[in-house]
Number of protein chains: 12
Amino acid sequence: MGLKILLLNGPNLNLLGVREASVYGSETLEGITKDLQAYAERRDVELRTFQSNSEGALVEAIHQARTWANGIIFNAGAYTHYSIALRDAIAGVGLPVVEVHISNVHAREEFRHKSVLAPVCLGVIAGFGRWSYFLGLDALLRHLIKS
Amino acid sequence: MGLKILLLNGPNLNLLGVREASVYGSETLEGITKDLQAYAERRDVELRTFQSNSEGALVEAIHQARTWANGIIFNAGAYTHYSIALRDAIAGVGLPVVEVHISNVHAREEFRHKSVLAPVCLGVIAGFGRWSYFLGLDALLRHLIKS
Amino acid sequence: MGLKILLLNGPNLNLLGVREASVYGSETLEGITKDLQAYAERRDVELRTFQSNSEGALVEAIHQARTWANGIIFNAGAYTHYSIALRDAIAGVGLPVVEVHISNVHAREEFRHKSVLAPVCLGVIAGFGRWSYFLGLDALLRHLIKS
Amino acid sequence: MGLKILLLNGPNLNLLGVREASVYGSETLEGITKDLQAYAERRDVELRTFQSNSEGALVEAIHQARTWANGIIFNAGAYTHYSIALRDAIAGVGLPVVEVHISNVHAREEFRHKSVLAPVCLGVIAGFGRWSYFLGLDALLRHLIKS
Amino acid sequence: MGLKILLLNGPNLNLLGVREASVYGSETLEGITKDLQAYAERRDVELRTFQSNSEGALVEAIHQARTWANGIIFNAGAYTHYSIALRDAIAGVGLPVVEVHISNVHAREEFRHKSVLAPVCLGVIAGFGRWSYFLGLDALLRHLIKS
Amino acid sequence: MGLKILLLNGPNLNLLGVREASVYGSETLEGITKDLQAYAERRDVELRTFQSNSEGALVEAIHQARTWANGIIFNAGAYTHYSIALRDAIAGVGLPVVEVHISNVHAREEFRHKSVLAPVCLGVIAGFGRWSYFLGLDALLRHLIKS
Amino acid sequence: MGLKILLLNGPNLNLLGVREASVYGSETLEGITKDLQAYAERRDVELRTFQSNSEGALVEAIHQARTWANGIIFNAGAYTHYSIALRDAIAGVGLPVVEVHISNVHAREEFRHKSVLAPVCLGVIAGFGRWSYFLGLDALLRHLIKS
Amino acid sequence: MGLKILLLNGPNLNLLGVREASVYGSETLEGITKDLQAYAERRDVELRTFQSNSEGALVEAIHQARTWANGIIFNAGAYTHYSIALRDAIAGVGLPVVEVHISNVHAREEFRHKSVLAPVCLGVIAGFGRWSYFLGLDALLRHLIKS
Amino acid sequence: MGLKILLLNGPNLNLLGVREASVYGSETLEGITKDLQAYAERRDVELRTFQSNSEGALVEAIHQARTWANGIIFNAGAYTHYSIALRDAIAGVGLPVVEVHISNVHAREEFRHKSVLAPVCLGVIAGFGRWSYFLGLDALLRHLIKS
Amino acid sequence: MGLKILLLNGPNLNLLGVREASVYGSETLEGITKDLQAYAERRDVELRTFQSNSEGALVEAIHQARTWANGIIFNAGAYTHYSIALRDAIAGVGLPVVEVHISNVHAREEFRHKSVLAPVCLGVIAGFGRWSYFLGLDALLRHLIKS
Amino acid sequence: MGLKILLLNGPNLNLLGVREASVYGSETLEGITKDLQAYAERRDVELRTFQSNSEGALVEAIHQARTWANGIIFNAGAYTHYSIALRDAIAGVGLPVVEVHISNVHAREEFRHKSVLAPVCLGVIAGFGRWSYFLGLDALLRHLIKS
Amino acid sequence: MGLKILLLNGPNLNLLGVREASVYGSETLEGITKDLQAYAERRDVELRTFQSNSEGALVEAIHQARTWANGIIFNAGAYTHYSIALRDAIAGVGLPVVEVHISNVHAREEFRHKSVLAPVCLGVIAGFGRWSYFLGLDALLRHLIKS
């Protein structure tokens, strides 16, 4: 089918494998990404990736996705909880976005229970470690092929 | 592998296909369940199902799952937002539970943004229509096989 | 006209006449129901009644009403204030529902001032003792005949 | 019996039939009032009416009702939600007051869910369009005759 | 000394002696006013009085006081708790205003604990029945003579 | 073009030039109005003006504007923050209304940050002293000519 | 004296001894109940027991207790925190009810600090493990014998 | 008449004349007390005084007043806003207590707007500087002589 | 067994028998204490008692208990609701503390529903009048003997 | 006069014309800017423009404006609602800033009703589509010429 | 330079070294004080110390410091979070006060995040164990020498 | 000892000396930094500095510090109050971080009282002007040498 997907990672996710292993696991973002790309390829999907710690750069990556991508898998990290700018970007480009989280944010601090992005996303997947990304890709593909 | 999974559905999900099709789609719970069971079988997983509109009956289904199931896929419907009894049941049996929702609860009324169950679940999947169940099964299997 | 109406009573209403007479009066639910059925009959309306203390059973009574009733008169008792499951059931079956209360809930504890059901009901009648039911029936008939 | 009732309407109700027809219907206040007076007459009830957009004038109408009326049917419009002066007037005169609303205020903006008047009224009727007034009259008569 | 004082009474205070005697006592506003004027005269103070149930009329009485009065004794009744218009009028004319209440508002409903007027008044006297007015006059005179 | 505009001023604005000059400036409402009318005339716009301290009178001025005006420039003063009656009047007549404020309400007390009128107005202009009115007129004309 | 007491246990208490032993201890409900019945017998008290995970069934057990019991020892489990239906049942039957908890609910999650039942109970005992039941029985007997 | 009154002053009032003169004035507590005692004597009232910075000592002074005083004038200073112990002491002894404040607490920080004592006092006088004490004495005498 | 227990009473409990008999009963603290000491002696427990209205003195009594007591029965009165100092003292000494209340605090004012002490106590007993102390002693002994 | 103004646009405003046309209109930021620059030139004003999706870059643009601009027209987009960094930048440079919004933010989601920037701005203009910018320029010029 | 400083310690700090060593460390207050006095002496500063568990005694120590001290290092312990009396004492004496905490209060319970004292202190130092005192002394000296 | 420390400054701190001198003083960041580096050198500490107005750049500076620094002195400016991304970065790298503020944030606007960073920092120092940095360095060194 030749779908193109953006895998977008927000702040501190470049620390994966380093940062608080008890919460986020010991695998690096590179490791997960490589496996996910292989997984995507087997489904004839092109997966481009971008990670940034900057809210502005993430906004722009979403804007640019408008011109080439069929959908976005987005782990917005901490920005999930307060970046209305990212929310507006998602609503603005009109692409289907799947919000993913490695940890179960609902089992952590109160302020992580609220997502300002979720209301403009297609759906949310949280708590399955590295597999959250794979499930996110599956969810997006189900949606894109169906629609 | 021979894993056994409980597919648990809460209040009003027996109305699927009837109830507010614009929100929940036009497929019945029976239709989705049948496909999901076939999907499970191909993965050598036995999927037993139970639906109830009664909080107490759902609590008991979780208790009984302790004796035979490896995990639970749980769409608790409205009880998601206030049933501390179900939360305690999940915490009490110690099984991995994946909370699933057909609709994107975060894009609906404020009171649907909060889950009292999520903090004691493995993770949450919401917003992908019938596919939320399939993704929930995949998520649970990834967890069970890994662990 | 041959309309059919469900008179649905929730938790503790079976105690009417016994329970806190200063708040709820000294008449039993049976007494009120009998008079109300006579009142309905004179208007060529069949009034079927159901009382339950179980949230699940009330949800199911609403589901079943879909198959035979033109509308529901519903005194949900304490569930008025927290049962999102009942709210979803009402929204799900799409029948006109009149929320009734014997006492003036707004003149009692703060937590009784809020109804989670009212937003999906046709309207609300509260505070007129046994007459709340009769007014509820009138209100429903006005609506059904008009529409 | 020769009862005398005040039909009291608050701010913007003189716009009925003009104002937001999708919410309030297309009938004028005059039309409804005329029918309601006929309805009252048939029950040997004198129905006097007063509408004002001024909180102070409404307070005074309630004060004056003390000297001639047996009860009040009151649609306080927007003042329902903040006029403690009207609340105090109702409590001060000690007449039975039925709070009525044309629309189902609970299905509208959050700030319309709260009535500062209801705790000192006999009861509340909301959501039945023009019929809310008729039901309000019935409710008041039931109360007056009973007491 | 020849001071001139406005005694300003807000909504429902014309009901004094009638309204809820257990809260407000059995004396009429006329009775209290007459005694207070005699009391004022003995101190060579001219006391003019105005009562209104209308927020706008009270605002205007405050405006006019600018041209002749040395201060205001103000029982704003229910408007105490929400009339920002009266607050702005008080701040606007720059006269010393003593807020008085017959009942102890802090011992009543929660919403009566908050005064939106008090922050722009000279001070507050509440809870001493008819004597609150006399104390208010004394307080104002102490202030005016001192300053 | 021959447009007709209502310039509506709420409570205490008749005190302009007198009241708290550090906040509101030293010009009178008459002075501003005269200049604004000249400004309007040069644009072939008839500007009629009304000021009242009474919520009810303001409601009625909005009602009457329905019969002759193309839009309203409204400085509701303190009523901005709590008059749901004015909000309902604006929504009821369906005219474009520009909410204006002389001072920057957001830089003042917390309770002035919230407008109950703004959600049903065309837009808001605040903080530019006497020029807020001129900008309000421009804004309204831009809207009326465009539409 | 021949008193009769209902020992009522709510949701998940049938899991005692299994569920989170670090919080609730390792003894089963059966074990505790047996000892408590022996303890009661020695005081010439008949202790009947009922456990249910269903809110409705618990409501009904309270209703039925009206006909035979002198009082109730009630561990409502999770329902403690939200079941207004149970609150109304307790208030309705007018029996003395002692609320008991095995764990110290105040040392756990915030939502466990609030009991909707306590205001209509005789008193509360929490935090003493299995002994909370024995203390609850003592407390009830002290009350019954005294009164 | 020979009445006996306790003048009770709470924390930091011994600093009067020293502490923040712009808020509290430049007179010492001794100075005010001396004048107030002379004022009391002329009315045949014995005024005993006690000041303490300790909550416990103030509680005890209230307890002891039970045995000799007819009423209390109480400036509780900061304890006004949080000392439930003092509230309970006032309620416990059943004497009439007039709460007084030198400054207008409502014109200061938000946390000073709330009094936990006022609901169990006879009334409140605030904002009149040293005269608040004299007015408080007058208020108490009016009450004691009347009753 | 020779256990030593501190019976600690907080503010206003020295007024027992005097203070609001409808809430607290007509027995004095001395009376209750004497009976409780006899009760303790029969169990070979030494019960030392201390009452203070001062937060600081109560803190110090807890500190000293570290050197001689096996546990504390603590009725902290009003301090229950705000004394973080007492909470820290309890946590600091590490003794088991049973929080007791004569009245059912949950059936009284909202601010009495919250205990800042309970999270660091062993458990809570409230609502059983004088018997709360006896039950508290039993509870503490059960705990001490078990552990 | 040769004034120099910075036109500053925040996140997602580069999407104008693309993003949610029903909310923001179909014109591009380039189109509006071009017209606004022509409009400025006719008033002898130099208008320099900067748009960024990065909070940091916007902070710096404000810093730099200190060195050359007489004032700022600022549409901060989503940052309006949470960027205290931008607020501090505005307060820090001390230039007059006019906050503008294309849509009427008060008629949208609750979280858009609050501006953290407005308290340090000169004033706010919202809801007039492209004309908000022109009105903002007029407002700023009125202020700059006056001052 | 001969500066004189008061080292003031509030409730439970006399337990240091005993109380919860994991939070507060194992050193006693005496040990820390001794070292701090030596440290002060080397800087030619006289350090007097006072510890009390009584709010009133701490208020008085602050009052007395007015007569001899140049500043205060204050660890108010639990009173930090609610003692408005201490806040008023600090504001009243006008001495520079440095608020210190041994533990990082922001990393503990929510109620410890708020200081009612900090707004009237010079600054705050928290989280550095025994060194918080030394840093507090340094901070105070920097301030005193500079000013 | 050869320790290496990162001095990290957030948004608007490059304006020091320019921005609101009454709050932040008249010294530039460069001036303070130079003195602090000299101070560090005398203690054999290498102090590297970084200032940015961009949240993302600050996140990355913290990430990089992992590879070379022993700790961080962090004045996060406005980001202190909402940047969960910075909080996660601090928690992620596991370095000791001292939060410093030039002004006493607790004496300013309410929103500055809360730090989202403090719970994951070693401690906080606020209110001592330029000396907050020096004290922060001392605090960090005490911690590093001790540990």
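## A histidine and its neighbours

Leaving aside neighbours within four places in sequence, B:His81 is in contact with B:Phe111, B:Arg112, B:Lys114, B:Val116 and C:Ile84. One name in that list, C:Ile84, belongs to chain C. The model behind this picture is predicted.

Where in chain B is B:His81 found? B:His81 is in the loop between strand E3 (71–75) and helix H4 (84–93). Is B:His81 buried or exposed? The relative accessibility of B:His81 is 9%. Buried means under 20%, so B:His81 counts as buried. The side chain of B:His81 also reaches a backbone oxygen. That oxygen belongs to B:Lys114, at 2.9 Å. B:Lys114 is also among the contacts of B:His81.

## A strand with two partners

Now turn to chain E. Strand E1 of chain E covers residues 3–9. Of its 7 residues, 6 are buried. E1(E) is therefore largely enclosed by the rest of the structure.

Which strands pair with E1(E)? One is strand E2 of chain E, residues 45–51. E1(E) and E2(E) pair in the parallel sense, over 7 bridges. In this pairing, E:Lys4 stands opposite E:Glu46. Another partner is strand E3 of chain E, residues 71–75. This pairing is also parallel, with 5 bridges. Here E:Asn9 stands opposite E:Asn75.

How do the two copies meet? Of the interface residues of chain A, 100% are also interface residues in chain B. The copies therefore meet through the same surface. The contact involves 22 residues of chain A and 22 residues of chain B.

The size of an interface is often given as the accessible area lost when the parts come together. Between chain A and chain B, the buried area is about 2,000 Å². Carbon and sulfur atoms give 62% of that area. Strand E5 (123–126) and helix H5 (131–146) of chain A each supply at least two residues of the side that touches chain B. H5(A) gives the most to that side, with 7 residues.

## Chains A and L: a three-fold relation

Chain A is superposed on chain L by a rotation of 120°. The shift along the axis is 0.0 Å, with an RMSD of 0.0 Å. That is the relation of a three-fold axis.

Do these copies meet through the same surface or different surfaces? Only 12% of the interface residues of chain A are also interface residues in chain L. The copies therefore meet through different surfaces.

In this interface, 17 residues of chain A are in contact with 16 residues of chain L. The buried area is about 1,300 Å². Carbon and sulfur atoms give 54% of it. How many salt bridges cross between chain A and chain L? The rule finds 2. A:Arg112 forms a salt bridge with L:Asp88. Their closest N and O atoms are 2.9 Å apart. Between chain A and chain L there are also 8 residue pairs in polar contact, with both residues at pLDDT 80 or more.

Definitions and conventions: Residues numbered from 1 in each chain as written. Chains lettered and ligands numbered in written order. Predicted model: local features only at pLDDT ≥ 70, side-chain atom pairs only at ≥ 80, totals over all residues. Heavy atoms only, no water. Buried < 20%, exposed > 50% of the residue type's maximum accessible area, 1.4 Å probe, protein only. Helix = DSSP H or I, 4+ residues; strand = E, 2+ residues; numbered from the N terminus. Pairing = 2+ DSSP bridges. Contact = heavy atoms within 4.5 Å. Buried area = accessible area lost by both parts, 1.4 Å probe. Salt bridge = Lys/Arg side-chain N within 4 Å of Asp/Glu carboxyl O. Polar contact = N/O pair within 3.5 Å; in protein donor to acceptor, adjacent residues only side chain to side chain. Least-squares fit on C-alpha atoms with pLDDT ≥ 70 in both.
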